Each structure stands twice: as C-alpha cells, then as structure tokens.
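Dear colleague,

Please find below the sequence and structure that I am handing over to you. My notes on what was found follow directly after.

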Amino acid sequence: MLKDMSNEKYWLAFNLVKGIGPAKLQALLGYYGDLERAWNAPYAELERLGLDKRALTNLVDARANIDLEQHLRDIRSKGISLLTWDSPTYPSYLREVDSPPPLLYVVGSLEEIDRWAVAVVGTRRVTSYGRQVTEELVAALVQNGVTIVSGLARGIDAIAHRTALQHGGRTIAVLGSGPDNIYPPEHRDLAREIVRGHGAVITEYPLGTAPDAGNFPPRNRIISGFALGVVVVEAGDPSGALITAQFAMEQGRDVFAVPGNINSIASKGTNLLIQQGAKLVTCAEDILEELNLALVLEHTAVQLALPETAEEAALFPHLSGQPVHVDALCRATGLPSSVVSGTLTLLELKGVVRQVGAMNYVMVREPHPSYLTGAGAAQESE
C-alpha cells in the first residue's frame with residue numbers, strides 16, 4: 001500500500017479512464033513527473049502530447065463526474081488493496097513484462113514466496129485425464145513451495161486453485177472482471193477461501209467491471225507475467241490457454257505442455273504447443289528442474305531462520321546441531337536467563353530451535369530438500 005495516499009488516488013483515477021493504457025500513462029509520467037499534475041493538465045497540452053480524442057473525452061468526463069476520494073473509500077471498505085508501478089511490493093516478475101498493468105486491485109495478500117510461482121491453465125471442458133494430471137502436478141508443486149497462478153475459470157483453472165488449497169499451498173487468481181465481480185459466480189466461495197490467508201485474487205479492472213469477453217486476453221498476460229513458467233494441461237485450438245502460452249513466450253517465460261491423446265479435442269492445443277517447442281511434461285520434476293525451483297523450500301527455511309531481534313542475533317552464533325544448555329547461552333551472550341529462555345521459546349515456536357531435554361537446545365537444520373512427488377510426497381505428509 002502506498003504511503004502517499006493522494007498519489008495513489010491519481011493512479012486510481014487514470015485506471016478509471018478508458019483509452020489510457022500503460023503506454024499512454026508512461027508517456028504522461030515521463031512528461032509530468034507525477035500523475036497529479038497529469039490529471040490536472042490543460043486539455044490542449046494533453047492533446048499536444050498525443051492523447052486521442054476518445055481518451056481526452058473520457059478524461060474530461062472522469063474529472064467532472066468521479067469523486068476520487070469516495071471511490072477510494074469504497075475500495076477500502078471492500079478490503080481491497082492497490083498496487084501501482086511505484087509500489088515496492090508490486091510483483092517483481094510482472095513488473096518486467098511489456099506493458100505491465102499500472103494498477104492492480106488485490107484482495108488477500110501477496111507474499112515474498114509468491115515470487116516462485118507457476119501458472120497452471122487449460123480448458124473449461126476438462127476430461128478425467130486432465131483433472132487427474134492437474135491434481136497430481138499441482139499437489140507436487142505446492143509441496144515443493146511453489147505458488148499456483150490461474151484464472152479462476154471453470155475446468156482446469158478451478159481444479160488447480162482447489163488442489164493448491166487442499167494441499168496447504170498458496171494460489172493467485174487473476175480476474176477478467178472487477179474485484180467485486182467474481183466470475184463465474186459459482187466460484188465465489190473458492191475466491192473467498194483463497195483470500196483467507198492462502199493467496200490473493202487480483203485484477204487490473206475497476207470496481208463494477210463485468211466479465212466481458214474482451215477482458216480475458218489482456219488478463220492472460222498477467223497470469224503468464226506473474227509466473228516463472230506456464231503449464232498448459234489441456235487446451236483446444238484455439239483457446240484462452242493458448243493465448244496465455246503465447247504471452248508467456250513473448251515475455252520470455254518457459255511454456256510447458258502435457259501431452260494427450262492425438263484424437264482428443266482437449267489435447268489438440270497442448271500437442272500443438274509441444275510440436276512448436278513447448279517443454280513436454282510428464283511429472284512435476286520436469287517443471288521444478290527446468291525452472292530451477294529445487295531450492296524454494298530451502299530458501300524459505302533460511303528466510304524463516306534469519307534473526308528478527310537483537311536477542312535472536314546474539315543467540316544464533318552459539319546454537320548448532322549440538323545441544324547447548326540455557327546457562328551456557330546466558331554466559332556466552334551476557335543476557336539474563338529470562339531473556340534467553342523467552343527468546344528460545346519464540347524460536348521454538350518458529351521451528352528454528354528444538355529443546356532436547358533438561359533445558360538443552362539445538363538448532364533445527366533442514367536437510368537439503370528433495371522433490372516431493374508421488375509416493376515420496378505421500379510419505380512426507382504421513
């Protein structure tokens with residue numbers, strides 16, 4: 001969330017003006033330096049800068065009729081956050097693509113771990129084969145710390161989201177409508193579950209935007225741009241999933257496709273992608289290895305293990321795989337026993353240290369992570 005709320009207001013303002021997309025907005029920022037000046041600029045000056053008549057007419061109408069403060073309050077009241085190009089928490093990989101959305105509406109939360117995301121997309125007319133493969137791939141990916149991105153559509157998308165949730169993973173749903181207009185309507189409960197601590201629902205479209213057909217191809221560039229790679233499980237030809245794959249290729253992302261029956265309409269698109277050079281996928285290891293995602297769990301464990309207070313920083317050098325007594329830690333750090341004991345308790349709750357009897361503690365060292373797939377994943381969860 002931007003601290004400069006007035007600046008955020010003008011990002012929102014231009015998002016509400018049809019005909020001013022990323023390219024025009026970038027030009028305005030380059031000329032005026034900030035969007036407040038651009039919003040209040042004279043008509044003739046904006047015309048000289050190259051804004052067409054449609055964009056200028058919409059801008060003048062928006063200035064006259066939109067209460068920006070009230071609109072911002074409406075957004076806040078619905079629990080929606082705004083991310084802009086200026087936001088430090090704007091998704092880093094999405095920022096790199098051509099014409100990233102200047103403003104994102106976010107319901108739920110985006111976290112650092114979501115940098116390791118893979119998009120899983122496919123047909124709405126899913127077959128039993130497509131369902132099984134989606135469930136197997138997504139289960140293995142989330143068990144390896146990967147966030148799943150998809151479009152909340154019927155079929156493969158919904159299965160990908162639900163499987164991620166069922167296995168305790170994170171998932172991001174990208175809408176082709178406003179944040180208050182979940183589509184399809186039967187996925188409202190799924191969206192609610194996602195935003196309750198398991199990910200986010202995001203969109204570039206303003207409040208009240210209907211799920212018009214023209215919104216979905218641009219939506220697909222966000223799905224691919226958010227992720228390190230795109231997995232197409234089943235797809236006809238043509239299809240929205242193939243559009244997402246095309247965006248992914250243009251953005252320099254890896255494209256993966258699941259092979260299918262050559263006589264199946266649902267696999268026509270994926271087989272075509274493989275012919276065109278997409279990476280054939282038979283298991284999650286194919287994706288994890290290609291995207292160098294083997295160390296996601298290890299990286300996350302290291303992040304969790306970083307000291308967060310001065311007391312933790314003082315204790316860490318004296319903790320190892322060998323048991324050490326609380327009294328020895330007090331002598332080594334010079335900290336009172338109450339402080340040492342309290343800090344160790346917090347570290348134990350974080351899973352960083354473990355008490356091994358009689359006030360002795362060891363640092364918990366995670367083994368080098370291996371891929372958790374198939375039987376190995378089942379054994380791990382038992």
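**Overall picture**

Of the 382 residues of the protein chain, 48% count as buried (under 20% relative accessible area; exposed is over 50% and partly exposed lies in between, with a 1.4 Å probe and protein chains only). Please note that this is a predicted model, in which local features need pLDDT of at least 70 and side-chain atom pairs count only at pLDDT 80 or more, while totals for chains, interfaces and linings use all residues. Residues are numbered from 1 along each chain as its sequence is written, and side-chain values use heavy atoms, with hydrogens and water left out.

The secondary structure of the protein chain comprises 19 helices and twelve strands (DSSP runs numbered from the N terminus: H or I of at least four residues for helices, E of at least two for strands). Among contacts (heavy atoms within 4.5 Å) between residues at least 6 apart in sequence, 70% join residues at least 24 apart. The accessible surface of the chain is about 18,100 Å², and 51% of that belongs to carbon and sulfur atoms (Shrake-Rupley method with a 1.4 Å probe; for residues, only the protein chains shown count as cover).

**Helix 2 and its surroundings**

Helix 2 (22-32) has Leu 25, Leu 28, Leu 29 and Tyr 32 as its buried residues. They cover an arc of only 100° around the axis, and therefore lie on the same side of helix 2 (the arc is that of the directions from the helix axis to the C-beta atoms). Ala 23 and Gly 30, on the other side of helix 2, are exposed. Gly 33 follows helix 2 and has a positive phi, near 90°.

Pro 22 also belongs to helix 2. Leaving aside its neighbours within four places in sequence, Pro 22 is in contact with Trp 85, Ser 99, Pro 100, Pro 102 and Arg 221. Pro 22 and Pro 100 are 78 residues apart in sequence, yet 6.9 Å apart in space, C-alpha to C-alpha.

**The second largest pocket**

The second largest pocket holds about 590 Å³ of space. Of the 22 residues that line this pocket, Asn 15, Lys 18, Glu 204, Tyr 205 and Pro 206 are the closest to its centre. On a 1 Å grid over the protein atoms alone, a pocket is an open set of points where a 1.4 Å probe fits, with protein on both sides within 12 Å along at least five of seven lines; lining residues have an atom within 4 Å of a point. Helix 1 (5-15), helix 2 and helix 11 (216-226) each supply at least two residues of the lining, and the largest share, three residues, comes from helix 1. By type, the lining divides into twelve nonpolar, five polar and five charged residues.

**Backbone features in loops**

Two peptide bonds deserve mention. The bond from Tyr 183 to Pro 184 is cis, with omega near 0°, and Pro 184 lies in the loop between strand 5 (171-174) and helix 10 (188-195). The bond from Asp 237 to Pro 238 is also cis, with omega near 5°; Pro 238 is in the loop between strand 7 (229-232) and helix 12 (240-250).

Ser 99, in the loop between helix 7 (92-95) and strand 2 (103-108), has a positive phi near 55° although it is not a glycine. Ser 99 is partly exposed, at 31% relative accessible area. Leu 152, likewise not a glycine, has a positive phi of about 60° and is found in the loop between strand 4 (147-150) and helix 9 (156-166). Leu 152 is buried, with a relative accessible area of 0%.

With kind regards

Definitions and conventions:
Points joined across faces, edges and corners; volume = space filled by probe spheres on them. Nonpolar A, V, L, I, M, F, W, Y, C, P; charged D, E, K, R; others polar.
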